[in-house]
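Take a look at the structure below. This short report covers charged pairs and a surface patch.

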Amino acid sequence: MEFFDVVKNRFSCRKFSSKPVEDEKLNKILEAARLAPTAKNAQPVKIWVIKSPEALEKIKSTAPFAWLKDVNIILAVGGTTEGAFLRPSDNRTFGDVDATIVATHLMLAIENEGLGSTWIGFFDVPKIKEFFPEMKDYDLVALFPVAYKADGAEPSDRHEKRKSKDELVKIL
């Protein structure tokens with residue numbers, strides 16, 4: 001798929017099929033994330049692939065969305081300050097920024113593979129960290145269901161609503 005088509009066609013899918021996602025597609029998605037640029041290439045990011053029925057049950061209980069019922073893979077993305085770029089002028093660490101860059105690559109790669117997803121930011125972080133202690137030192141920025149779009153899956157009414165270029169861009 002052409003990049004601009006991927007960007008234009010991607011939408012927050014909330015209607016999924018239970019058809020299993022092929023390992024080949026998942027591996028391509030994860031490779032796109034691995035190749036994402038990070039500050040100083042420090043890569044202070046982790047992606048957790050939630051696939052087992054037990055892990056899926058736990059992660060789904062932290063995000064109150066009935067439309068997750070048919071999803072068999074959820075990707076959790078987090079960044080850490082450990083080893084992350086530290087901007088000298090204000091001591092800001094970039095672990096969360098790097099995790100967001102990786103998450104964006106995941107989101108677009110999912111669309112490129114003909115699958116659906118949505119960037120979930122509304123979830124119970126303390127509960128996730130209780131269920132998955134390996135995530136405790138990470139700033140969790142997103143959950144991504146990875147699944148085939150169900151018949152009739154369409155963008156929300158807000159999908160086409162965008163600021164104009166003049167509102168968004170200021171040339172100095």
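This is a predicted model: local features need pLDDT of at least 70, side-chain atom pairs count only at pLDDT 80 or more; totals for chains, interfaces and linings use all residues.

Glu111 has a charged partner. Lys149 forms a salt bridge with Glu111, and their closest N and O atoms are 3.2 Å apart. This pair links distant parts of the chain. Glu111 sits in helix 4, residues 95-112. Lys149 lies in the loop between strand 5 (139-145) and helix 6. The two residues are 38 residues apart. Lys149 is partly exposed, at 27% relative accessibility.

## Other salt bridges

How many salt bridges does a search of the whole structure find? The search finds eight. Among them is the pair of Lys69 and Asp70, with closest N and O atoms 2.9 Å apart. Lys69 counts as exposed, at 62% relative accessibility. Asp70 counts as partly exposed, at 26%.

Asp90 and Arg87 form another salt bridge, with 2.9 Å between the closest N and O atoms. Asp90 is partly exposed, at 43% relative accessibility. Arg87 is partly exposed too, at 30%.

## A nonpolar patch

Now turn to the surface. Leu168, Val169 and Ile171 form a nonpolar patch there. Together they have about 350 Å² of accessible area.

Where is Val169 found? Val169 is in the segment after helix 6 (165-168). Its relative accessible area is 40%, so Val169 counts as partly exposed.

How values were computed. Residues are numbered from 1 along each chain as its sequence is written. Side-chain values use heavy atoms; hydrogens and water are left out. Patches are made of residues with over 30% relative accessible area and no salt bridge: like charges are joined within 9 Å, nonpolar side chains (Val, Leu, Ile, Met, Phe, Trp, Tyr) within 5 Å. Accessible areas come from the Shrake-Rupley method with a 1.4 Å probe; for residues, only the protein chains shown count as cover. A salt bridge is a side-chain nitrogen of Lys or Arg within 4 Å of a carboxyl oxygen of Asp or Glu. Helices (H or I, at least four residues) and strands (E, at least two) are DSSP runs, numbered from the N terminus. Buried means under 20% relative accessible area, exposed over 50%, partly exposed in between (1.4 Å probe, protein chains only).
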